[in-house]
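Open the model in a viewer and keep a selection panel at hand.

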Amino acid sequence: MSSSIFSDQDIDLIIELGRELTGTQLDRLKHSVVIHNLASRINQLGKSSLEEYLQFVEDHDDEMPYLTSALTIHTTSWFREANAFDQLKTILLKQAPSYSLGKPFRVLSVACSTGEEVYSIASILESTKLKSPQFDYSVEGWDVDPISLRTAKSGRYDSNL
């Protein structure tokens, strides 16, 4: 199924589903990735329409994570936003020696997708710990997309990236 098969009414429904299931606010101009994701999932399952796919979701609870995943935009990469990582390194170099045992430096990565940023942050924190052994840290990654989180939790990535 091509994304061009979706009617205007289908697109409005997809945008509404995205808002309800993920909290994502997509306007009609920024919905192309989600539309493509959903069309790909529908095609992968051999469904012929959005209506048929949504009935499938209703009948198969285990499909809901895939619908949620299709309704999200997956933006992630290793050390994405390099300036932010450089600033983190600078802050840690100054502050790491002052951290005492029992009070970890805590990081929460929200909308972590498949986890590349989380592992990038952890890499910097571990490097800091090697220089300042008393430095302790914790990192958590959260995302509304259960399929992406499954990848993040596994910590397995293509080595050719």
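This is a predicted model: local features need pLDDT of at least 70, side-chain atom pairs count only at pLDDT 80 or more; totals for chains, interfaces and linings use all residues.

Residues are numbered from 1 along each chain as its sequence is written, and side-chain values use heavy atoms, with hydrogens and water left out.

Switch to cartoon view. The protein has seven helices and two strands, in the order α-α-α-α-α-β-α-β-α along the sequence. Helices are DSSP runs of H or I with at least four residues, strands are runs of E with at least two, and numbering is from the N terminus.

Next, show C-alpha atoms alone. Along the principal axes they fill a box of roughly 60 × 30 × 30 Å.

Now select F6, I14, L38, Y53 and L71. These residues have the most contacts inside the largest nonpolar core, which has 18 residues. A nonpolar core is a set of buried Ala, Val, Leu, Ile, Met, Phe, Trp, Tyr and Cys residues joined through side-chain atoms within 4.5 Å. Colour helix 1 (8–22), helix 2 (32–44), helix 3 (50–59) and helix 4 (64–70): these elements give two or more residues to this core. Helix 2 gives the most, with five residues.

Finally, select L88, L92, I121 and L125, which are among the 10 residues of a second, separate core.

Definitions and conventions
Buried means under 20% relative accessible area, exposed over 50%, partly exposed in between (1.4 Å probe, protein chains only).
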